[in-house]
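Let's take a friendly walk through this model together.

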Amino acid sequence: MADKRVPRFIFLLIVLCVMIFVCLAWSPRSARAADQENCMLCHRYSGLGCFDKETSAKRIFYVSEGLYKNTVHNSVLCTHCHTDVTEVPHKPAKKVNCGTQCHVKDPSTGKDFSHKIVVDEFKKSVHGKSNLFTFDQGQPRCKYCHTNPLYSPLKGILAQKPGCESESLARCLACHEKSPWADRFLKHFASRTAPRWDKKQIVDLCNNCHADKKMMQSFGLESTDNFKQTFHWRNVKYEADDAADCLRCHGPAKLGLSAHMIKASNDPESPLFQEHRTKVCGQPGCHEGANKYFASGAVHGAGVKTALLEQKLIEGGEDLTPSEKTKLKAEIKDTNMTKLQLTIIWAIKSFYKVMIILVGGFMFLHQVLDLRITLKERREGRH
Amino acid sequence: MATKWGRRAEDQEYFARLSRVEVWQHNIVWICFVLLVATGMMSLLPTDWVTALFGGYTGQVYHYRHIVHLILAATLIAGSLWHLTYGAVTKRGRQMLLDMIPKPVDAIQMKQNIMYMLGMSDFKPKFDRFDYREKMEYIFGLIGTTVICVTGVVMTFAQFFPRFVVDLCGTVHLCEATLASITISIWHFYAIHWKPGKFPQDTSWIDGLMSMEHLKHEHPLQWERVMKEREMAKEGMKGASSPSSSGGGQHGHYNNTLGTEEE
């Protein structure tokens with residue numbers, strides 16, 4: 001009698017197919033939606049990468065699907081940003097231009113969305129002017145600050161957990177039918193109501209470069225390494241609402257500026273140009289009513305600037321116009337005054353340090369002796 | 001003899017060293033001082049500690065810390081002004097200020113006392129109403145409070161002052177507060193809390209009273225005057241009542257120079 005049982009390997013094959021089908025059917029829809037171009041065929045492998053021929057830097061091309069679907073760009077197709085990738089396998093892709101017009105519609109205008117406005121603003125800023133320095137020299141690009149993290153968690157007394165509360169989402173879903181869409185937009189709005197970076201992170205981000213004395217010296221700038229000795233930093237450190245981080249003065253949102261519009265402090269368009277400073281210091285929530293004397297002087301930094309300006313004056317020599325020379329001399333005078341002021345503050349600190357050691361030391365010794373003699377008197381019954 | 005936890009001994013005789021007004025002035029100043037140091041020094045805590053202590057409430061805690069610090073500072077200024085006015089307009093206050101003025105004898109007594117404490121001399125100086133330690137503390141306290149208050153006012157109204165002045169005041173305010181905290185913890189806390197015979201506390205901050213035995217040991221010249229005055233009163237040479245009464249509770253007006261007690 002012939003054996004009518006299904007061969008074992010066919011049975012296993014059927015089970016495997018069913019499992020694959022089930023897995024595919026149950027995979028998150030949104031993740032698959034983001035990969036309509038099948039880029040994850042290769043980029044899902046965590047080992048995908050190479051060493052850059054020129055810089056020898058390690059470059060990773062792996063994309064985590066799970067993370068990507070939680071980023072602000074989760075509905076953007078890969079080729080919307082990597083516009084030079086037209087075939088698979090593709091040649092090394094160029095760096096993404098964040099000013100590219102992508103195919104997402106701007107819900108406010110109905111037009112194709114783009115970061116071009118921001119990119120154009122940035123190009124006019126001190127960080128975006130390519131003639132000043134190159135990326136290799138430390139010029140920040142979009143990704144330097146915009147690490148494109150997951151949606152920022154909500155903060156506050158009642159909502160300490162990341163994400164949005166289910167009740168909020170439920171209110172959206174009362175009118176908007178698609179849950180993923182509502183979830184994405186709610187997170188987007190909620191995360192944009194507060195800055196993506198907290199104040200401490202902003203200071204640390206800026207200080208990555210600006211506190212580096214050597215790097216700043218090469219650009220003729222003062223380092224900001226002593227910002228953390230100021231009262232502004234203390235407010236930032238302890239998360240005060242009105243604390244002045246770097247942007248509060250260099251790109252104050254309350255005066256209609258942003259991080260993308262930072263100008264050099266000697267640029268007449270800069271909020272920190274001498275004539276505009278009272279406005280910056282006197283912003284609502286800061287030193288309202290600040291006068292020009294308060295708004296003068298250095299908030300941080302007193303290092304290399306005098307030497308650099310003097311060097312500039314000497315090197316410029318006869319090429320400098322009389323007005324340029326006068327301006328430089330005035331700047332040198334100002335920086336010298338700042339140096340003198342900081343020396344006075346240093347002297348006061350030193351005086352107090354000595355006083356604390358001398359007075360505190362004397363008092364301590366005195367009381368130790370008093371303790372000794374009092375104990376002796378008590379032993380002898382004289383106290 | 002020290003009393004335990006503020007309880008007055010029934011068999012002890014007490015002397016009114018501080019009047020009720022002076023007790024209140026002292027209490028306002030020390031309470032404000034301790035809380036000002038606590039709220040002020042919070043701004044020097046390492047970030048990790050702050051995060052561990054307050055977590056997500058750090059911003060709110062520091063916001064209210066600032067407000068509390070300002071209210072306490074205003075109270076301290078008011079208390080200090082009250083004390084100065086009291087010293088200027090009342091007889092007892094003026095006498096207290098006069099007794100607080102350092103004299104050459106204080107320097108001599110300081111040297112003698114240090115020699116005695118070092119065991120290089122057997123002579124223990126006899127102190128009057130205020131000894132050199134109390135005078136030093138009072139004078140330093142007066143100067144320190146003035147410096148702290150002036151710099152604090154400048155920092156509070158920073159927008160009206162040049163930047164450099166504000167920075168200078170910030171530095172001085174912090175340094176002076178540190179110096180004051182250290183000296184008070186070493187000098188004053190030892191004298192009123194840690195000193196054998198006074199532990200856990202000298203209760204005169206509560207009722208202004210000091211035992212006659214204590215007075216005899218720490219301020220012998222004043223004690224001698226008080227005793228002499230009593231004898232004179234007993235003999236009927238003076239009509240004034242006794243300078244202190246057994247069991248305490250009466251805050252007489254004691255005139256240090258004349259050695260008389262006025263109700």
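At what angle do the axes of α3(B) and α6(B) cross? This is a predicted model, in which local features need pLDDT of at least 70, side-chain atom pairs count only at pLDDT 80 or more, and totals for chains, interfaces and linings use all residues. Residues are numbered from 1 along each chain as its sequence is written, while chains are lettered from A and ligands numbered from 1 in the order in which they are written.

Now to the helix pair. The axes of α3(B) and α6(B), the latter spanning residues 132–156, cross at roughly 135° and come within 11 Å. The two helices are therefore oblique to each other (angles under 35 degrees count as roughly parallel, over 145 as roughly antiparallel, 65 to 115 as roughly perpendicular and the rest as oblique). From α3(B), the contact takes Leu70(B), Ala73(B), Ile77(B) and Ser80(B), and from α6(B), Thr145(B), Cys149(B), Gly152(B) and Thr156(B); residues are in contact if their C-beta atoms, placed from the backbone, lie within 7 Å.

Next, look at where the chains meet. Here 36 residues of chain B are in contact with 38 residues of chain A. On the chain B side, α2, α3, α5 and α7 each give two or more residues, with α7(B) providing the largest share, 16 residues.

Finally, turn to chain A. Its helix α16 (residues 322–379) has 58 residues and reaches 85 Å from its first C-alpha to its last, close to the 86 Å expected at 1.5 Å a residue. Just after α16(A), Gly381(A) adopts a positive phi of about 75°.

Note on methods
Contact = placed C-beta atoms within 7 Å. Helix = DSSP H or I, 4+ residues; strand = E, 2+ residues; numbered from the N terminus. Expected span 1.5 Å × (residues − 1). Axes fitted to C-alpha atoms, helices over the stretch in contact; angles between N-to-C directions.
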